[in-house]
Amino acid sequence: MKKTALCLLILFAFTQISFAQKNTINVASYNIRYNTANDGVNAWPNRKENVKGLIRFHEFDIFGVQEALIGQLKDIAELPDYVFIGKGRDDGKEGGEHSAIFYKKDRFKLLKSGDFWLSETPDKPGKGWDATCCNRICSWGKFQDLASKKEFYFFNVHFDHQGVEARRQSGHLMTKKISEIAGKSTVILTGDFNSTPDTEQIKTISALINDTHDVTKQAPYGPEGTFNSFKFDAPMKNRIDYIFVSKNIDVLKYGVLTDAKDQRYPSDHQPVVIKAAIK
């Protein structure tokens, strides 16, 4: 009788572990720095395997990347578990940087997807407000988690780095588009917002969906800041990369990873990672 009870207890424990694994996902946001020879020793060809190794080792399930050119996306897609969605910001095809979404193809089913630009005319490529450098794009997808059968929307974006008004207005545009596209559905938003938590745009988004840094059940892990300028001794005080989630998602862990090789970071941004569970 005691042996039977012990077996049942072990079976129950394994069942609970299996259930937990099916209902948690590892989400990340990672600005991988665009491919330019001007970075010298830190140019993409010298660090792409480190980026891929980081993704593989930390077992990202679904993640957004920023600044990625099409060649970089294809390099990351050499990881056999992943595929990606997202268009280039310059022409809505493959031109320019992407705010692409990678996901494990055996874990998630893509149900629909789209893109919009951070401007007064979001349906076509273009700069917005006081932005002078670049078009800015948001890519999104609706997914079903094949393990838990839960459905959710995933948005990934990169705000302008120069235009103060562009960043402010982009915050309002993001909340508007998330509400239009996802309605009351479950939402995950990743991105490089080029904005600290005290700014209007971050407060605007946080009023709609949670900043995972603030609602994680475990204390935030790693440095507060997320930008290192390719300097190993960077103070990393300013948080400009974020993961936001709708209020029906439990954030079990939040961290800013500091993986490095030979005192060189894989990118000039640190990846932000969470373990989450959709209720």
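This is a predicted model: local features need pLDDT of at least 70, side-chain atom pairs count only at pLDDT 80 or more; totals for chains, interfaces and linings use all residues.
1. Let's settle the opening point. α4 is followed by Gly183, and the phi of Gly183 is positive, near 60 degrees.

2. Now the overall picture. The protein chain has 6 helices and 12 strands. Its radius of gyration is 19 Å, which agrees with the value near 19 Å that a compact globule of 279 residues would have. Along the principal axes, the C-alpha atoms fill a box of roughly 75 × 45 × 35 Å.

3. If you take contacts between residues at least 6 apart in sequence, 72% of them join residues at least 24 apart. The chain exposes about 13,100 Å², with carbon and sulfur atoms supplying 52% of that area. As for charge, there are 39 positive and 34 negative charges, and their mean positions sit 7 Å apart.

4. Next, have a look at Tyr265, in the loop between β11 and β12. Tyr265 counts as buried because its relative accessibility is 8%, and the cut-off for buried is under 20%. Leaving aside residues up to four places away in sequence, Tyr265 touches several others, among them Phe230, Phe232, Met236 and Gln270. The C-alpha atoms of Tyr265 and Asn50 are separated by 8.5 Å, although the two residues are 215 residues apart along the chain.

5. Finally, two backbone spots to check by eye. Most residues other than glycine have a negative phi. Arg33 is not a glycine, yet has a positive phi of about 65 degrees. Lys149 is not a glycine either, and its phi is positive at about 70 degrees.

6. Where do Arg33 and Lys149 lie? Arg33 is in the loop between β1 and α2, while Lys149 is in the loop between β6 and β7. Arg33 is buried, with a relative accessible area of 18%, whereas Lys149 is exposed, at 53%.

Methods:
Residues are numbered from 1 along each chain as its sequence is written. Side-chain values use heavy atoms; hydrogens and water are left out. Helices (H or I, at least four residues) and strands (E, at least two) are DSSP runs, numbered from the N terminus. The radius of gyration is taken over C-alpha atoms; the globule rule is 2.2 Å times the number of residues to the power 0.38. Contact means heavy atoms within 4.5 Å. Accessible areas come from the Shrake-Rupley method with a 1.4 Å probe; for residues, only the protein chains shown count as cover. Lys and Arg count as positive and Asp and Glu as negative; His and the chain ends are not counted. The place of a charge is taken as NZ of Lys, CZ of Arg, CG of Asp or CD of Glu. Buried means under 20% relative accessible area, exposed over 50%, partly exposed in between (1.4 Å probe, protein chains only).
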